[in-house]
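Work through these exercises with the model open beside you. Try each task before you read its solution.

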Amino acid sequence: MAKKLVKRGSEVTSNSDAICKVTGLRHCDDSTKKEIVDYLVKIDKQNDIPECYIVNNSNSSTSSVRRVFSCVWDGSTSIPDFTTLFNISACVLKKAKIVVALPGLLCAVVCLLLKDSAKVKCRAINRHHLVMDIELFEDKIISVEDWEEMKKEEAEKNKTDRNKTEKNKTDKNKTDKKK
């Protein structure tokens, strides 16, 4: 008897009318996978990325790439696994110039990791900056040590950014004076 991976506990009739016994572990998050694939397909279409580029640069086989971009979600095709989705997503995002669907894609992935532990929102500040707001629920806390470490890292980053900005201004002023 052939096995086909679809939703847990369901039975699917194959083309030969033999009932396939189903195992569902790989498909525990089909709705999230579908959401990720929808965003990924949108980014791919916006950027017209060739299939051969994705096959050659994503550590995924041709059949895996085709499975992602032609998945039917009704049990008639196998659903891609998360490793394949993440490998292909990284490849597509590296090649893409237009990433309008990126906030939705990131929210879907973060929501997958956090499930019912937090509210997640992602928004674009401008054409090059996204902000992801993660509001942990009341029973979750960030430890004092983690909080202090994050604050130190943020202060260092801000100091480095200020130094770069000041250096750029100084360099520009020197260039303007030479003219």
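**Exercise 1. A charged pair between helices**

Is arginine 66 buried, partly exposed or exposed?

*Solution.* 
Step 1. Keep in mind that this is a predicted model.
Step 2. Check the area of arginine 66. Its relative accessible area is 48%. Buried means under 20% and exposed means over 50%, so arginine 66 is partly exposed.
Step 3. Glutamate 51 belongs to helix H2 (residues 51–57), and arginine 66 to helix H3 (residues 62–69). They are 15 residues apart, and the pair links distant parts of the chain.
Step 4. Classify the partner. Glutamate 51 has 34% relative accessibility, so it counts as partly exposed.

**Exercise 2. The overall layout**

How many helices and strands does the chain have, and in what pattern do they follow along the sequence?

*Solution.* 
Step 1. Count the elements. There are six helices and five strands.
Step 2. Read along the sequence. The pattern is β-β-β-α-α-α-α-α-β-β-α.
Step 3. Of the 179 residues in the chain, 28% are buried.

**Exercise 3. Two strands and a salt bridge**

How do strands E4 and E5 run, and how many bridges join them? Then find a salt bridge that links the two strands.

*Solution.* 
Step 1. Locate the strands. E4 covers residues 118–126. E5 covers 129–136.
Step 2. A hairpin of two residues joins E4 to E5.
Step 3. Describe the pairing. The strands run antiparallel and are joined by eight bridges.
Step 4. Pick one bridge. Arginine 123 has valine 131 in E5 as its bridge partner.
Step 5. Now follow the side chain of arginine 123. It meets the side chain of aspartate 133 in a salt bridge, 3.5 Å from N to O. Aspartate 133 lies in strand E5 and arginine 123 in strand E4, ten residues apart.
Step 6. Classify both ends. Arginine 123 has a relative accessible area of 45%, so it is partly exposed. Aspartate 133 is partly exposed too, at 32%.
Step 7. Recall the general idea. Side chains of opposite charge can pair when their charged atoms come close.

**Exercise 4. Rings and charges**

Which two residues form the aromatic pair, and how are their rings arranged?

*Solution.* 
Step 1. Count first. The structure holds one aromatic pair.
Step 2. Name the pair. Phenylalanine 82 and phenylalanine 86 are stacked, with 5.9 Å from centre to centre and 25° between the planes.
Step 3. Compare the areas. Phenylalanine 82 has 18% relative accessibility, so it counts as buried. Phenylalanine 86, at 36%, is partly exposed.
Step 4. Look for charges over rings. The charged end of lysine 33 sits over the ring of phenylalanine 82, 4.9 Å from the ring centre. The charged end of lysine 95 sits over the ring of tyrosine 53, 4.8 Å from the ring centre.

**Exercise 5. A nonpolar patch**

Which residues make the nonpolar surface patch of about 430 Å²?

*Solution.* 
Step 1. List the members. They are Ile134, Leu136, Ile142, Trp147 and Met150.
Step 2. Find the elements. Strand E5 and helix H6 (144–178) each supply at least two residues of the patch.
Step 3. Check one member. Isoleucine 134 is found in strand E5. Its relative accessible area is 43%, so isoleucine 134 is partly exposed.

Key
Residues numbered from 1 in each chain as written. Predicted model: local features only at pLDDT ≥ 70, side-chain atom pairs only at ≥ 80, totals over all residues. Heavy atoms only, no water. Patch = residues over 30% accessible without salt bridge, like charges linked within 9 Å, V, L, I, M, F, W, Y side chains within 5 Å. Areas by Shrake-Rupley, 256 points an atom, 1.4 Å probe, with all protein chains shown as cover. Salt bridge = Lys/Arg side-chain N within 4 Å of Asp/Glu carboxyl O. Helix = DSSP H or I, 4+ residues; strand = E, 2+ residues; numbered from the N terminus. Buried < 20%, exposed > 50% of the residue type's maximum accessible area, 1.4 Å probe, protein only. Pairing = 2+ DSSP bridges. Phe/Tyr/Trp six-rings, centres within 6.5 Å; stacked < 30°, edge-to-face > 60°. Lys NZ or Arg CZ within 6 Å of the ring centre and 35° of its normal.
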